[in-house]
Amino acid sequence: MIRILVDSSSDYSQEEIQEKGLVFVPVQIELAGKQYRDGIDLDKNSFFEILQASGEFPLTSQPSPQVFLDIFQEMKEKGDDLVCILLSSHLSGTYQTAQLARQMADYEDHIFLVDSRAATYNIKVMADYALELVRDGLSAAEIAGRLEKFKSRVKVVAMIDTLEYLRRGGRIGKAAAAVGDIARLKPVITVTTEGEIGVVGKALGKNKAINGILRWIGEHPMDESFPAYSIYSYGTENSEVFEERLAREGIRFAERLQIGATIGTHIGPGAFGLVYVEKERN
């Protein structure tokens, strides 16, 4: 049997994890003096409410090697193969931790690690694709190989509503955040093919940011044979405006999905965007 593993940065709900038979590993979060298992102990809205109320910056830590080792040993006992689709190695040490556990498990020919070079619903798109490949009868090695080629086509483009949380995380200075917010500066971001958060544009105000997102999508055209998702962090007002523009432009998406703590920590409330698969380039 071939199993697919994701960490909680994928933002799957627990219901969907169970329904699809995925193996799930939570990232640990410390927020307002309490420890949580992302996706288990803290729902997404509660996370953003505590984030805003506490004024603190959450601390996240990757799962320990033992967490992965226990899973790998269980797969070994059952004789199952495992394909792990993990949070970008440029954003977390989760992938490196899984590599260490894989070496310890002495089952390396049956455990395949994929550095998603991404986060949040990009990973969901990849995992759903992997599940299709399982149903198509591909081997675990073939699935991992397909994912390595596929992952650069899974795109996310989004607007951040405030620079405050990037400042709290030390990504930008306090003065720069203050100037940006006063000027209504709205960064448009993506996750680069190297797996890092990249700024693709800066706009004065939400409407111009939406124009920037649509322009970026035009430069990276969608493959409509895969589902697209409207994504948001906290508060749907911005998403509703964005989705109206998508409809006017004839851009279709499957559903609206909420970003969780792993990426929400850095972007804060009010963010919105689109996750989709880019057309294959000739």
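This is a predicted model: local features need pLDDT of at least 70, side-chain atom pairs count only at pLDDT 80 or more; totals for chains, interfaces and linings use all residues.
Two strands are said to pair if DSSP finds at least two bridges between them.

**First stop: strands E8 and E9.** Please select residues 154–159, which form strand E8, together with E9; the two strands run antiparallel and are joined by 3 bridges. Within this pair, Ala-158 may be highlighted, as Ile-189 of E9 stands opposite Ala-158.

**Second stop: strands E9 and E10.** E9 and E10 form a hairpin, with 5 residues between the two strands. In the turn, select Gly-195, whose phi is positive, at about 90 degrees.

Because 6 of the 7 residues of E9 are buried, the strand is largely enclosed by the rest of the structure.

Move to residues 81–86, strand E6, in which Val-83 lies. Is Val-83 buried or exposed? The relative accessible area of Val-83 is 0%, so this residue is buried, the cut-off being under 20%. To see what surrounds Val-83, display its contacts beyond the neighbours within four places in sequence: Ile-2, Arg-3, Ile-4, Leu-5, Phe-112, Val-114, Ala-140, Ile-143 and Leu-147. Finally, select Ala-130, which is 47 residues from Val-83 along the chain; the C-alpha atoms of these two residues are separated by 8.5 Å.

Definitions and conventions: Residues are numbered from 1 along each chain as its sequence is written. Side-chain values use heavy atoms; hydrogens and water are left out. Helices (H or I, at least four residues) and strands (E, at least two) are DSSP runs, numbered from the N terminus. Buried means under 20% relative accessible area, exposed over 50%, partly exposed in between (1.4 Å probe, protein chains only). Contact means heavy atoms within 4.5 Å.
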